[in-house]
Amino acid sequence: MPAKVDVVVVGAGFAGLYALHKLRSEGLTVQVFEAGDGVGGVWYWNRYPGARCDVESVDYSYSFDEALQQDWDWSEKYATQPEILRYVNHVADRFDLRRNIKFGTRVTDMALDEETLRWEVQTESGDVVSARFCILAVGPLSNANFPAIEGLDSFDGGVYHTAHWPHEGVDFTGRRVGVIGTGSSGIQTIPRIAEQAAQLHVFQRTANYSVPAGNVPLDDETREAQKANYTERRRLSMASGGGSPHEAHPKSALDVSEEERRAAYEKRWELGGVLFSKAFPDQLLTVDANDTARVFWEEKVRAVIDDPEVAELLVPKDHPIGAKRICTDDRYFQTYNRDNVHLVNLRAAPIERIEAGGVHTADAYYEIDDLVLATGFDAMTGSVEKLRIVGRGGETLNEAWAEGPKTYLGLGIAGFPNLFNLTGPGSPSVLANMVLHSELHVNWVADAIGYLDAHGAVALEARPEAVADWVKECSERAAATLMPTANSWYLGANIPGKPRVFMPFVGGFGVYGRIIAEVAAAGYKGFDVIEE
Ligand code: NA7
């Protein structure tokens with residue numbers, strides 16, 4: 001490995017792989033470090049049964065290469081984790097990416113040399129590399145959250161976090177399984193585990209909204225039509241709110257007749273997927289508009305659950321529909337009609353401790369052979385915070401972000417020149433299609449590097465006042481929606497002690513793309529362009 005490169009990239013998921021490809025194509029030397037033993041990031045680790053993307057395959061795939069786009073055939077509307085991993089591996093091979101990736105290697109330290117403005121990057125394996133630019137492509141959902149439950153370590157059976165699933169799979173046949181967590185991962189895996197396990201106890205603290213994914217196999221005709229229309233599809237996606245070619249109903253949910261509203265929700269329900277939360281443009285702006293979606297949802301869901309008492313527990317009461325990312329499922333609520341599936345309401349009786357053979361709640365003991373932790377992530381900032389990143393004046397990034405992440409456009413951080421954080425706080429991030437978002441960010445960074453080189457400059461650094469303005473704008477935009485009213489991981493609410501700050505930019509993917517393009521066109525307004 002070279003001791004000196006132009007760019008170090010941390011992470012070989014969708015963002016890191018494209019960063020490598022793009023920057024290498026521009027003639028830069030690039031070294032990628034990846035903690036896993038293969039490419040794929042979140043799709044490398046999250047191998048639990050039922051894992052699938054909730055963005056359509058045709059959209060959740062790279063757009064940068066027309067031949068790739070035309071050659072690859074997705075088999076289903078929503079791809080499974082194994083299919084996405086095959087795709088990412090295909091991309092790595094097709095563009096000969098592996099030769100610049102060091103796998104099984106975790107970056108620990110990044111330190112700025114204030115004289116040269118170069119970064120010294122160190123890994124757990126003892127590598128030391130000097131880089132002019134550092135790109136953090138560590139992913140917003142990559143630091144798994146292990147719950148601090150007393151006695152978890154003393155549990156005798158298997159303990160499987162959905163985000164660290166054994167590569168060889170797990171056979172639950174004949175086992176008494178407990179699943180803790182009913183977020184997106186829990187909701188995807190519970191129906192699959194229920195099909196195998198002898199008994200399944202689902203330990204639910206907070207109920208979640210989920211809509212049927214509406215997954216279908218893709219036939220040749222559909223694929224051909226999609227591919228023929230790819231250019232337009234991508235154009236619409238780049239201008240859209242969330243990075244897929246979706247358009248909401250043109251009117252407010254409250255400005256249409258009951259029949260028209262119902263028909264619009266019915267149509268979205270039949271199409272399936274997360275876009276149910278965007279049927280009307282104001283669904284996440286006012287409680288009244290949101291209630292129309294919520295009532296429709298409740299009616300649909302209660303109708304498929306046999307036991308009204310169970311249904312009551314499965315209907316969320318604490319947040320507007322869509323203020324947490326709507327989950328998508330394949331017969332999740334129907335799973336509770338099975339004789340071998342039991343819902344445990346932790347709101348009534350919380351988990352007190354785990355013992356070798358099971359789980360104690362405040363009012364019962366459940367004998368369990370295997371535990372599945374579908375307990376989510378320290379999202380958005382968790383994986384960045386694991387790195388010791390030292391910028392100007394010896395300040396660490398964790399110190400700079402002690403009150404919550406502070407960025408300019410999500411990309412730049414004051415005091416940390418030439419360090420770019422991809423698809424993290426201050427950008428649309430998890431609210432958008434992460435593949436196109438990664439491309440947008442990487443292209444912006446590549447252009448910025450090209451600009452510096454063309455102007456004989458060495459570094460780009462966000463100005464503190466630009467950061468302050470952007471943080472304020474992000475927070476005001478969020479406050480104008482219902483999004484911060486839910487105790488979501490968007491706000492860090494799932495991690496005890498984490499500052500309560502709404503982290504993603506809610507203004508829309510297309511709007512954001514225009515803003516960062518305008519900043520670049522204006523000579524990187526808000527950044528200091530530092531000359532030698
Ligand atoms: P989430 O959405 O954060 O869900 C985690 C779940 O785990 C949620 O139901 C939590 O309940 C539950 N949880 C966490 N800690 C505990 C403890 N200590 N006791 C009981 N229950 C607990 O993570 P996911 O992996 O499902 O999804 C994350 C994103 O990945 C998803 O939005 C997609 O975009 C992909 P709580 O709500 O905190 O009461």
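This is a predicted model: local features need pLDDT of at least 70, side-chain atom pairs count only at pLDDT 80 or more; totals for chains, interfaces and linings use all residues.
Strand β14 (residues 358-361) pairs with β15 in the antiparallel sense, and three bridges join the two.

Strands of a sheet pair through backbone hydrogen bonds, either parallel or antiparallel. Here β14 and β15 belong to an open sheet of three strands, ordered β13-β14-β15, with antiparallel pairing. The edges are taken by β13 (351-355) and β15 (365-367); each has a single partner strand, so one side of each is left without a neighbour in the sheet. If you compare the directions of neighbouring strands in this sheet, they are turned by 20° against each other on average, direction ignored.

**Two pairs of helices**

Now let us turn to the helices. Two packed helices are described by the angle between their axes and the distance between the axes. Here are both values for two pairs in this model.

| Helix pair | Angle between axes | Distance between axes |
|---|---|---|
| α8 (residues 258-271) and α9 (residues 287-302) | about 60° | 11 Å apart |
| α14 (residues 434-454) and α16 (residues 509-521) | roughly 5° | within 11 Å |

Take α14 and α16 to start with. Their axes cross at roughly 5°, and that makes α14 roughly parallel to α16, because angles under 35 degrees count as such. On the α14 side, L436, H437, L440, H441 and W444 meet F509, Y512, G513, I516 and A520 in α16. The residues of this contact divide into seven nonpolar, three polar and no charged.

What about α8 and α9? Their axes pack at an angle of about 60°, and the two helices are therefore oblique to each other. The crossing of α8 past α9 is right-handed. From α8, the contact is made by R261, R262, Y265, E266 and W269, while α9 brings A289, T292, A293, F296, W297, E299, K300 and V301. Sorted by type, the residues of the contact of α8 with α9 are seven nonpolar, one polar and five charged.

**The domains**

Finally, step back to the whole chain. How is the protein divided? There is a domain 1 (4-39 + 97-143 + 379-531) and a domain 2 (180-220 + 243-373). Their C-alpha centres lie 33 Å apart. Domain 1 and domain 2 also touch: the contact takes 13 residues from domain 1 and 13 residues from domain 2.

Notes: Residues are numbered from 1 along each chain as its sequence is written. Side-chain values use heavy atoms; hydrogens and water are left out. Two strands pair if DSSP finds at least two bridges between them. Helices (H or I, at least four residues) and strands (E, at least two) are DSSP runs, numbered from the N terminus. Axes are lines fitted to C-alpha atoms, for helices over the stretch in contact, and angles run from 0 to 180 degrees between N-to-C directions. Angles under 35 degrees count as roughly parallel, over 145 as roughly antiparallel, 65 to 115 as roughly perpendicular and the rest as oblique. A crossing is left-handed if the near helix is turned anticlockwise from the far one by less than a right angle, and right-handed if clockwise. Contact means heavy atoms within 4.5 Å. Ala, Val, Leu, Ile, Met, Phe, Trp, Tyr, Cys and Pro count as nonpolar, Asp, Glu, Lys and Arg as charged, and the others, Gly among them, as polar. Domain bounds come from an automatic or database domain assignment.
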